[in-house]
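User: Could you take one part of this model and look at it closely with me? I'd then like to hear how it sits among the other contacts, in plain words please.

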Amino acid sequence: DDPMRGELLALALAGSPEQAALVPLRGGAGEPALEALRPLLEARDRVFVGFDLKRSAIALSRRGVQLSGELRDVAVAAYVANPAQVVDRPEVLAKTHLERSLSSAAERFGAGAKRRPFDQVSEAELASHFAELAALDHALLPALERELDRSEQRAIYDELEVPLVAVLARMELAGVRIDLAKLAELGKRLEHELAESRRRIF
């Protein structure tokens, strides 16, 4: 679940709302598969459509593949079109914008303590769910872009939010550098100020 720490088990790819597939990346098959996909994923003239593409970019980068091209995220598009709607659940977006029923991840794999880890789920089950989501994204984006046009937010999405996805992924990968000496100095100063405050109170 955490793209900075988790294992990349598979990659769901779709070329249209009707065509999708899951590429398994577990075990020894992972590196050859990613190398075969590298020219596609790193092509700067490609447009990638997906759900939470920042996570995908981070997970791929940790495996040495830089997701290049334009990243058109349907969750971001949904938020810009209507910030009040639920945007982190694909099945809700499918129902709202396409009138399609879709099983949630919780329904397929369980929730909370009963959720099955993805590394214990068969490739057939992963393909059934995530390939369907990849195809769904291609159906959702045109519907969401029409909503963006109606709400007059299309320029914000195209010019600001789309480029920002890749920027945020790079920022998260870079992390934050902490000056430990400065942090220790600040901690001592705060301890001194706290002690002075206690002395004045008591």
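Analyst: **From one leucine outward**

Leu190 is found in helix H8, residues 180-201 (helices are DSSP runs of H or I, at least four residues, numbered from the N terminus). This is a predicted model, where local features need pLDDT of at least 70 and side-chain atom pairs need 80 or more, while totals for chains, interfaces and linings use all residues. Residues are numbered from 1 along each chain as its sequence is written, and side-chain values use heavy atoms, without hydrogens or water.

Is Leu190 buried or exposed, or something in between? With a relative accessibility of 48%, Leu190 counts as partly exposed (buried is under 20%, exposed over 50%, partly exposed in between; 1.4 Å probe, protein chains only). Leu190 also belongs to a nonpolar patch on the surface, together with Val176, Ile178, Leu180, Leu183 and Leu186. Such patches take residues with over 30% relative accessible area and no salt bridge, joining nonpolar side chains within 5 Å and like charges within 9 Å.

**Charged partners**

Now let's turn to the charged side chains. The structure holds 17 salt bridges (a Lys or Arg side-chain nitrogen within 4 Å of an Asp or Glu carboxyl oxygen).

One of them joins Lys54 and Glu172, at 2.6 Å from N to O. Lys54 belongs to helix H2 and Glu172 to helix H7 (residues 154-174), so this pair ties together parts that are 118 residues apart in sequence. Both ends are partly exposed: Lys54 has a relative accessible area of 24%, and Glu172 is at 32%.

Another salt bridge brings Arg55 and Asp52 together, with 3.4 Å from N to O. Here Arg55 is partly exposed at 33% relative accessible area, and Asp52 is partly exposed as well, at 27%.

Arg89 and Glu91 also meet in a salt bridge, at 2.8 Å from N to O.

**Ring partners**

How many aromatic pairs does a search of the whole structure find? The search finds three (rings of Phe, Tyr or Trp, using its six-membered ring, with centres within 6.5 Å; planes under 30 degrees apart are stacked, over 60 edge-to-face, the rest tilted).

Among them, Phe109 and Phe130 are stacked, with 6.2 Å from centre to centre and 10° between the planes. Phe109 sits in helix H5 (residues 105-109) and Phe130 in helix H6 (residues 123-150), so their contact ties together parts 21 residues apart in sequence. Phe109 is buried, having a relative accessible area of 3%, while Phe130 is partly exposed at 25%.

Phe130 has a further ring partner: its centre and that of Phe118 are 5.5 Å apart with planes at 85°, so this pair is edge-to-face. The pair links distant parts of the chain, as Phe118 lies in the loop between H5 and H6 and Phe130 in helix H6, twelve residues apart. Put together, ring pairs link Phe109, Phe118 and Phe130 into a cluster.

Methods. Helices (H or I, at least four residues) and strands (E, at least two) are DSSP runs, numbered from the N terminus. Accessible areas come from the Shrake-Rupley method with a 1.4 Å probe; for residues, only the protein chains shown count as cover.
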